Amino acid sequence: MNHTDDVYDRTFDAPVELPVRVSIVLPCYNEEEHVVDEVKRICSAMAGSGYGYELLAVDDASTDTTLERLRDVQGLYPHMRVIAFRHNGGAGTVRRIGTRRARGEFVVWTDADMSYPNERIPELVAMLEDDPETDQIVGARTQEKGSHKALRIPAKWTIRKIAEKLTNTRIPDLNSGLRVFRRDVALPYLRLLPPGFSCVTTITLAFLSNQHPIRYVPIEYATRAGVSKFRFVRDAYRYILQVLRMVMYFHPLKVLMPPALALLGLGTGKFVFDQVRTPFYMPNNTVMILMTGLIIAAIALLADLIVRSREHT
């Protein structure tokens, strides 16, 4: 795609006057064909929003000309700061560092692949600003456009249901890449973000597990431009692991106590059966089931104690 001068809107040459209230973190990895179009779309939307903003375009050690294209247009978009990583850190690393460097009270996460309706960013920010009882607005996708849909849809549904069960909260979209949240609320949880795609799942679960209200807004989701970086088996496994890890971090009893009680119940039932069949004799497998249940229950109680003590430090 050729990007000529008529593509760029010279209205962005005006000096920055408004204080920065919105920081948009944009991970960029091998997006050379459309990254400038995405920057233009975001800046066009924000320019007419009335919000002072900054766009943190972070090149995650791209192997194509993404960084060069960002630097070529940096002068046309004075609100954009280009950050270049020397080594590929993953989308989670980009979002964690970008959020720490952000100057705005509202932080927006989105992608540079033209899939999310980034022209709606000012609308989502306004929703969060107007609702002091909410700490995060998530763009909930109304349809699935990714690759491997036959596998992705049931896998993501299963993972989402696990997360809903463990958090006792309805979650329309667990891993949407478009969201806006209050920076001061998110800062304590940034250290929990993994380097990969599951960072969006992590920030959702961190907010929900600590009673930070999240509001979901339906959005359209387009077919991404370029080549997807999602790998089904690897990333699905990481999603499941991260859901369990996050709930373990905040509510370990919800993860560990159900299997502990199930094993104790099974062991007790088998013990009764053994005593009826052979009085005063306990087989080794009965002992193992009961001991395993007791060990898991003890670990669950100890983990819960650690979590509660951490909350009061």
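Predicted model: local features only at pLDDT ≥ 70, side-chain atom pairs only at ≥ 80, totals over all residues.
Me: Which residue of strand 2 is the bridge partner of Val25?
Reply: Leu56 is that partner.

Me: What makes strand 1 and strand 2 a pair?
Reply: Pairing takes at least two bridges. Strand 1 (residues 22-28) and strand 2 (53-59) are joined by 7 bridges.

Me: Which strand pairs with strand 2 in the parallel sense over 5 bridges?
Reply: Strand 3 (residues 80-84) does. Its Ala84 is the bridge partner of Asp59. The chain crosses from strand 2 through helix 2 (residues 66-73) to strand 3.

Me: Why is this β-α-β crossover called right-handed?
Reply: The term describes a clockwise path from the first strand over the helix to the second, with the strands pointing away from the viewer. The crossover through helix 2 is right-handed, so its path runs clockwise in that view. Strand 1, helix 1 (residues 35-47) and strand 2 also make a right-handed β-α-β unit.

Me: Which strands are joined to strand 4 by bridges?
Reply: Strand 1 is joined to strand 4 by 4 bridges, and these two run parallel. Here Val25 stands opposite Trp109. Strand 6 (residues 179-182) is joined to strand 4 by 4 bridges too, but this pair is antiparallel. Phe181 in strand 6 is the bridge partner of Val107.

Me: Which residues touch the most other members of the largest nonpolar core?
Reply: They are Trp109, Leu174, Tyr189, Ile203, Phe207, Tyr216 and Val243, in a core of 37 residues. Helix 7 (199-209) gives the most to this core, with 7 residues. Strand 2, strand 4 and helix 8 (232-250) are among the elements that each supply at least two.

Me: Where does the core of 36 residues lie?
Reply: It lies apart from the largest one, and its members include Met46, Val108, Met127 and Leu178. Nonpolar side chains tend to be buried together in soluble globular proteins.

Me: Which residues does Tyr216 touch?
Reply: Leaving out residues up to four places away in sequence, Tyr216 touches Val138, Ala140, Arg170, Ile171, Pro172, Asp173, Thr204 and Leu208.

Me: Why is Cys28 called buried?
Reply: Its relative accessible area is 0%. The limit is under 20%, so Cys28 qualifies. Cys43, at 1%, is buried by that limit too.

Me: How many disulfides are there?
Reply: The count is 0. A disulfide needs two cysteine sulfur atoms within 2.5 Å.

Me: How many helices and strands does the protein have?
Reply: It has 10 helices and 7 strands. Of its 313 residues, 50% count as buried. The protein exposes about 15,400 Å², of which carbon and sulfur atoms supply 60%. Among contacts with a separation of 6 or more, 79% involve residues 24 or more positions apart.

Key
Residues numbered from 1 in each chain as written. Heavy atoms only, no water. Buried < 20%, exposed > 50% of the residue type's maximum accessible area, 1.4 Å probe, protein only. Core = buried A, V, L, I, M, F, W, Y, C linked by side-chain atoms within 4.5 Å. Contact = heavy atoms within 4.5 Å. Areas by Shrake-Rupley, 256 points an atom, 1.4 Å probe, with all protein chains shown as cover.
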